[in-house]
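Visitor: I would like to learn how to read this model. Please take me through it feature by feature.

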Amino acid sequence: MSVSSMDLLSDADSEEDELCSLDWFHFTLSRHAAEALLLSNGLDGSYLLRKSHDGPNLYALSVRAKDSVKHFQIERTECSIKFGFSEFRSLKDFISHFANQPLLGSETGTLIVLKCPYPRKVEEPSIYESVRVHTAMKTGCTENDLVSQAPSLGTKEGYLTKQGGRVKSWKTRWFILHRNELKYFKDKMSSEPIKTLDLTECTGVQFDYSQERINCFCLVFPERTYYMCTKTGVEADEWIKLIRWKLVICDSGDEGSLSQLMHAILLSLYLCLECQQKVSTGWIISSSW
């Protein structure tokens with residue numbers, strides 16, 4: 001191995017160590033977990049850096065923008081770090097760039113100021129709840145019936161121009177996509193949505209060419225088809241892909257299992273309340289169901 005090659009490897013190892021010591025680098029944190037962290041505990045403009053699952057030299061910058069989280073890709077080569085329109089010769093230069101609170105703009109036209117990094121370690125108390133009631137139902141279920149479930153966040157927000165229902169005029173509205181809901185507001189500053197669309201009832205989303213507008217797509221519901229358009233085709237494609245992905249996730253759910261789960265939860269709550277009443281009256285609980 002040549003001396004120059006050894007120098008490059010040494011520099012890469014040094015920068016890798018420096019990256020691991022960065023308190024807002026979250027290693028292999030998933031996209032879903034990053035969104036959950038930033039939405040539940042971050043502020044507008046909070047961000048974190050994590051490894052991307054799309055390639056060995058790719059990273060992702062996850063940024064909270066009000067009620068959604070946007071993800072930007074970062075590429076690391078042997079001699080530089082590429083982010084947006086900038087290229088940094090060293091990790092130190094890259095980090096210094098963030099210290100100056102850079103401004104980012106996406107396809108949606110939303111401007112985001114990167115205000116504060118979200119740390120990998122957050123102070124937390126060592127306090128635990130005491131168990132007062134602990135029982136189990138004999139339902140005949142096995143470990144094979146224990147299925148982990150969680151709704152995907154997959155957030156996105158931005159202005160879309162939407163066609164009205166009764167009056168077929170077009171108005172610009174602020175849209176927020178969160179979990180299985182698509183809400184639209186009069187503008188970005190409005191706190192109450194005009195309407196909330198339940199995507200579990202949506203039967204399809206696709207580009208639409210029936211309207212006299214470009215970059216138009218539609219969401220098909222049993223009672224109505226909603227038409228929206230964006231400024232660019234890339235932006236419309238992003239909305240379609242993310243909503244379509246959510247529809248696939250919704251369709252993959254087992255309605256029968258969900259019904260059984262809800263029944264078991266309600267029965268468990270009833271039994272726990274009954275147990276608590278017996279405890280409060282001095283009964284000793286020794287039986288199981």
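Guide: Start with contact, which means heavy atoms within 4.5 Å. This is a predicted model: local features need pLDDT of at least 70, side-chain atom pairs count only at pLDDT 80 or more, and totals for chains, interfaces and linings use all residues. Residues are numbered from 1 along each chain as its sequence is written, and side-chain values use heavy atoms, with hydrogens and water left out.

Visitor: Which residues is Glu 35 in contact with, leaving aside its neighbours within four places in sequence?

Guide: Glu 35 touches Val 69, His 71, Leu 153, Gly 154 and Thr 155.

Visitor: Is Glu 35 buried or exposed?

Guide: Buried means under 20% relative accessible area, exposed over 50%, partly exposed in between (1.4 Å probe, protein chains only). Glu 35 has 1% relative accessibility, so it counts as buried.

Visitor: Where does Glu 35 lie?

Guide: Helices (H or I, at least four residues) and strands (E, at least two) are DSSP runs, numbered from the N terminus. Glu 35 belongs to helix α2, residues 31-41.

Visitor: Which residues of α2 are buried?

Guide: Ala 34, Glu 35, Leu 38 and Leu 39 are buried there. They lie on the same side of α2, because they cover an arc of only 115° around the axis. The arc is that of the directions from the helix axis to the C-beta atoms. The cover over the buried residues of α2 includes β1, β2, β3 and β10 (170-178).

Visitor: How do I read a nonpolar core?

Guide: In soluble globular proteins, nonpolar side chains tend to be buried together. A nonpolar core is a set of buried Ala, Val, Leu, Ile, Met, Phe, Trp, Tyr and Cys residues joined through side-chain atoms within 4.5 Å. The largest one here has 21 residues. Those touching the most other members are Leu 49, Leu 61, Ile 74, Phe 83, Phe 94, Phe 98 and Leu 114.

Visitor: Which elements each supply at least two residues of this core?

Guide: They are β1 (46-51), β2 (58-65), β3 (68-76), β4 (81-83) and α3 (91-99). β2 gives the most, with 4 residues. A second, separate core has 20 residues, including Leu 177, Leu 197, Leu 199 and Cys 202.

Visitor: Now the sheet. In what order do the 7 strands run?

Guide: Two strands pair if DSSP finds at least two bridges between them. The order in this open sheet is β12-β11-β10-β9-β15-β14-β13, with antiparallel pairing. β12 (195-198) and β13 (204-207) are the edge strands, each pairing on one side only. From one strand to the next, the twist averages 35°. Axes are lines fitted to C-alpha atoms, for helices over the stretch in contact, and angles run from 0 to 180 degrees between N-to-C directions.

Visitor: What pLDDT does the chain average?

Guide: pLDDT is the predictor's confidence in each residue, from 0 to 100. The chain averages 81, and 79% of the residues score at least 70. Over residues 254-265 the pLDDT is below 50, and this stretch has 2 contacts beyond near neighbours in sequence. Residues 278-289 are also below 50, with 11 such contacts.
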